[in-house]
Amino acid sequence: MLLIGLTGGIGSGKSTVSAALARRGAVVIDADAVVKELQSPGGEVLAAMVEHFGTGILHDDGTLDRQVVADIVFRDDEQLKALNAIVHPAVGAEISRRMDAQAATDNVVVLDVPLLVESKAYETAGTIVVDTDPEVAVARLVAFRGFDEADARARMARQASREERLAAADFVVRNDGTVEELEAQIDACWAWIEGLKAAAQPAEPAGPGTNS
């Protein structure tokens with residue numbers, strides 16, 4: 001297994017890059033998707049959240065109202081710590097389980113984690129950072145994901161800064177331009193990953209009668 005980290009600020013287009021790498025053959029472990037699975041009705045994580053925050057965080061059908069939770073925690077540090085204490089251990093355990101399942105393969109495994117730089121929880125062969133101008137990211141969140149601008153900026157403020165992410169990057173995918181420009185950068189990123197994979201493979205043993 002070649003483990004590659006992928007991160008980027010909210011609104012950067014990280015999920016688009018993640019999906020593109022999956023189409024090129026990567027196995028993606030998506031932390032956000034893991035969170036949503038663990039927060040589904042009937043699970044221990046959602047039950048613990050309801051115990052702490054109350055039933056007001058639920059829709060009428062029993063599913064989690066993520067916007068209500070966001071409105072609570074992104075304006076209250078103590079509530080955010082409480083949420084993280086409930087969610088992070090379960091998510092970490094599930095990510096580890098999925099990584100263990102890939103450990104004996106020769107797959108490229110992309111660990112898609114929004115807070116990869118902040119957590120420093122995973123040792124990877126390299127880190128890809130999807131970089132976008134913060135103002136472009138805010139505009140995308142408002143236009144395409146229905147965010148309130150203040151909410152978008154509050155969430156961005158709780159993540160690593162653009163400079164901190166870039167300092168941790170081994171490969172940067174710029175996502176301020178066109179779809180075509182992004183695809184070209186993803187092609188280059190995949191070539192970089194294949195180079196890492198080739199370099200990590202053990203050399204073939206020398207055959208009889210050859211110089212070594």
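Two residues are in contact here when they have heavy atoms within 4.5 Å. The model is predicted, so local features need pLDDT of at least 70 and side-chain atom pairs count only at pLDDT 80 or more, while totals for chains, interfaces and linings use all residues. Residues are numbered from 1 along each chain as its sequence is written, and side-chain values use heavy atoms, with hydrogens and water left out.

Start at Thr132, in the loop between β4 (126-131) and α7 (134-145); helices (H or I, at least four residues) and strands (E, at least two) are DSSP runs numbered from the N terminus. Leaving aside residues up to four places away in sequence, Thr132 touches Ser12, Ala137, Arg140, Arg162, Asn175 and Asp176. Is Thr132 buried or exposed? Thr132 is buried because its relative accessible area is 7%, where buried means under 20%, exposed over 50% and partly exposed in between (1.4 Å probe, protein chains only).

Now move to Gln67, in helix α4 (residues 66-73). Gln67 counts as partly exposed because its relative accessibility is 36%. Not counting residues up to four places away in sequence, Gln67 touches Asp151 and Arg155. Gln67 and Asp151 are 84 residues apart in sequence, with 9.8 Å between their C-alpha atoms. Their side chains are joined by a polar contact of 3.3 Å (a pair of N or O atoms within 3.5 Å; within protein, one must be able to donate a hydrogen and the other to accept it, and residues adjacent in sequence count only if both atoms are side-chain atoms).
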